[in-house]
Amino acid sequence: MEINICHLYPDLLNTYGDLGNVLILKYRCEKRGIKVNITNVSLNDEFEEEKYDIVFFGGGQDYEQSIVSEDLELKKDKIKSYVENNKVFLAICGGYQLLGNYYEKSCGEKIKGLEILDLYTKSGKKRFIGNIVIEDTRNNVKYVGFENHFGKTYLGDKVEPLGKVVSNVGYGNNGEDGYEGVVYKNTIGTYLHGSGLSKNPILADRIIKNALAEKYNKEITLKRLDDEYEILAKEYIINKLVNK
Amino acid sequence: MENVRNIIAIGVTKVVAIITKNIMKRGTSLPGMIGLKISPNILKYVCRNMDIVFITGTNGKTTTTSLVTKVLEMDGIVVVTNGSGANMLNGIATTLIYNYKLIKKDEKRIGVIEIDEANVRLVTKYITPKMIVVTNLFRDQLDRYGEVYTTLKIIEEGINKKEIKLLLNGDDPMLGNVDVENEKIYFGFDMKNDTKAKVNIGGKFCTICKNEYSYKFISYNHLGDYYCDKCGHKRPMIKYSINEVVEMTENEMTIKIENELLNITLTGMYNSYNVLCAYGICRELGIKKEKILEYLEGYVEIKGRHETIKIGNKDVVVILVKNPAGYNEALMTVKRNENSAIVLLLNDDYVDSRDISWIWDVDFEEIVSDRTVLIGGKRKYDMAVRLKIAGFNRKNFIFASTNSELIEKIKKCREEKVYILATYTAMTSLRKYLFNNKYITTYWE
């Protein structure tokens with residue numbers, strides 16, 4: 001089997017070690033004999049939706065993000081149809097915000113998003129920074145990561161959260177409703193850095209599995225890998241922040 | 001009345017400093033904090049007959065401060081300077097008050113102060129330095145200030161008086177557009193190599209029109225002779241420059257500054273910037289070119305940043321790492337020595353950066369080999385995941401939970417040369433252990 005990963009704007013949206021997610025997906029595929037091709041798609045490059053099985057969209061600093069949002073206008077329709085066609089998409093932090101309807105700055109100005117996911121983000125008063133543990137109740141699994149964002153994201157009716165904040169610290173989407181991240185079809189958005197997938201092998205495998213199932217149109221069973229370090233690293237955060 | 005208050009503040013601060021230093025063996029911020037409480041004008045008072053230079057930026061503050069101090073002292077100037085453990089407002093206050101003396105006739109005093117980026121605006125409320133130096137701005141501890149652009153804004157806010165002269169790294173695009181009217185002087189490389197910046201670094205898009213910069217020369221990371229082919233924004237005029245890197249070995253380098261040869265016991269591109277920056281500061285303070293170069297040649301690397309320690313029969317080099325740019329440079333040193341073991345210590349306390357995501361921006365892929373890999377620190381398993389994904393074989397991994405365990409395992413590893421790459425608190429804790437067990441004779445803070 002073979003998987004084609006598209007990394008959107010790796011030269012611009014690369015701030016919090018999110019590149020690690022791509023490295024991790026590649027590693028976990030190759031360990032199972034799945035060939036991986038990575039395509040970097042940046043400014044003025046064409047987004048060829050039919051070629052990719054997983055799209056990764058990371059976060060950046062405001063300055064770089066403003067460069068990206070201009071270029072995204074040209075790719076918008078194709079990214080939307082990619083998502084709507086059930087293909088696998090992972091967006092972190094800034095990428096997650098950009099998939100929504102808009103970002104409202106503190107001055108009230110609204111910056112249009114890609115309008116692919118039913119959500120919007122408002123600039124907050126304080127930055128949400130720190131380790132966080134969330135629980136994905138549908139799949140009965142906890143995810144850990146490090147959040148670092150000013151924007152407060154609010155979900156609409158057409159999408160669901162990725163999980164609920166269960167650590168005694170941590171804010172999640174907006175610090176108000178207790179939710180973190182978003183799920184829509186095979187698209188996942190989240191604020192978890194870390195890299196996000198580095199301590200969440202189950203989430204990484206879910207992404208790979210969904211991508212293969214979608215591409216080959218069949219049930220996929222992935223061989224188990226040795227995740228000893230990933231689990232120990234995850235438990236360190238859980239022990240620190242939960243069960244106290 | 002004001003003066004009485006200041007004199008009381010000085011007296012109390014000195015007494016508290018002596019107590020905390022000699023009896024409690026810790027703490028550099030408390031005395032200064034008390035001094036400022038007693039008299040908010042105390043810093044202005046103790047600095048009234050002294051020129052002050054502030055050295056800030058992401059990387060290289062400590063080395064640059066140390067180099068400038070050395071040159072000035074050799075030139076007969078009395079220097080008041082602080083350690084990196086005291087680079088915030090209260091620590092700086094402690095240093096300045098504790099070292100305050102009535103000036104003798106004909107004596108020249110200069111304060112060479114390393115200062116944390118966010119603290120520039122706090123300290124310039126009290127004193128106006130003659131010069132503010134920014135070594136560079138890399139991504140570092142993003143969880144503290146949010147973003148590199150925010151850090152730049154915070155520094156700009158501290159430059160609150162027109163008479164403050166600015167000495168800036170001209171090769172850093174982040175500093176090519178500092179939004180203040182002060183006099184600006186730049187240092188950088190006067191060389192050519194026509195390269196492109198790597199994908200995974202920050203600061204390489206035009207700060208004016210957002211186009212990707214081209215470079216006539218890149219020294220490392222995003223530093224170099226940049227220009228934008230869209231709007232024409234380019235590196236400012238360089239006043240102090242390195243014209244050639246003649247040789248760089250494991251322990252020393254030979255470079256040409258303003259066309260004069262300099263051999264110094266520091267190595268790596270990042271250190272060449274520190275040397276150049278220190279040179280520029282000393283020139284601006286009026287020291288002659290030949291004198292500066294002569295004094296720099298006699299410089300011996302400060303403790304802790306890059307020292308060699310004997311542990312059993314191993315030669316152990318300890319390197320402080322705190323962000324991807326510095327880490328990648330340290331890995332280049334490791335790479336030059338294929339037959340070395342590495343020890344990677346990762347903590348996540350506030351000063352280390354609570355977010356450890358940045359290890360994913362470090363190119364560990366560059367040094368994958370069969371060498372022994374010792375892993376420690378609070379986030380050791382995060383480091384193990386990073387290394388596994390980079391391609392290291394986990395059969396070479398050895399974990400250590402305490403410093404004593406680590407030292408025993410270092411003694412047993414098969415390589416003779418060992419590099420320890422540690423984040424700040426991992427390093428201070430290790431040094432304390434080494435000091436208590438007599439592997440080293442000075443405990444650097």
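1. Starting with the interface: in this predicted model, 30 residues of chain A are in contact with 25 residues of chain B. On the chain A side, the elements that give two or more residues are helix 1 (19-30), helix 2 (62-84), strand 7 (119-136), strand 8 (141-155) and helix 5 (228-241). By class, that side of chain A has 14 nonpolar, 11 polar and five charged residues.

2. Now the sheet in chain B. Nine strands form an open sheet, running 2-3-1-4-5-6-9-10-11, with mixed pairing. Strand 2 (78-81) and strand 11 (260-264) of chain B sit at the edges with a single partner strand each, so one side of each has no neighbour in the sheet. Ignoring direction, neighbouring strands are turned by 20° against each other on average.

3. For one pairing to look at, take strand 1 (residues 51-56) and strand 3 (residues 109-114) of chain B: they pair in the parallel sense over five bridges. Within that pair, V53(B) stands opposite V112(B) of strand 3.

4. Then there's a helix pair in chain B. The axes of helix 4 (residues 61-74) and helix 9 (residues 269-284) of chain B come within 9 Å and cross at roughly 45°, so the two helices are oblique to each other. The crossing is right-handed.

5. Who makes that helix contact? From helix 4 of chain B come T63(B), T64(B), L67(B), V68(B), V71(B) and L72(B), while helix 9 of chain B brings N271(B), N274(B), V275(B), C277(B), A278(B), I281(B) and C282(B). By class, the contact has nine nonpolar, four polar and no charged residues.

Definitions and conventions: Residues numbered from 1 in each chain as written. Chains lettered and ligands numbered in written order. Predicted model: local features only at pLDDT ≥ 70, side-chain atom pairs only at ≥ 80, totals over all residues. Axes fitted to C-alpha atoms, helices over the stretch in contact; angles between N-to-C directions. Helix = DSSP H or I, 4+ residues; strand = E, 2+ residues; numbered from the N terminus. Parallel < 35°, antiparallel > 145°, perpendicular 65-115°, else oblique. Left-handed = near helix turned anticlockwise from the far one by under 90°. Contact = placed C-beta atoms within 7 Å. Nonpolar A, V, L, I, M, F, W, Y, C, P; charged D, E, K, R; others polar. Pairing = 2+ DSSP bridges.
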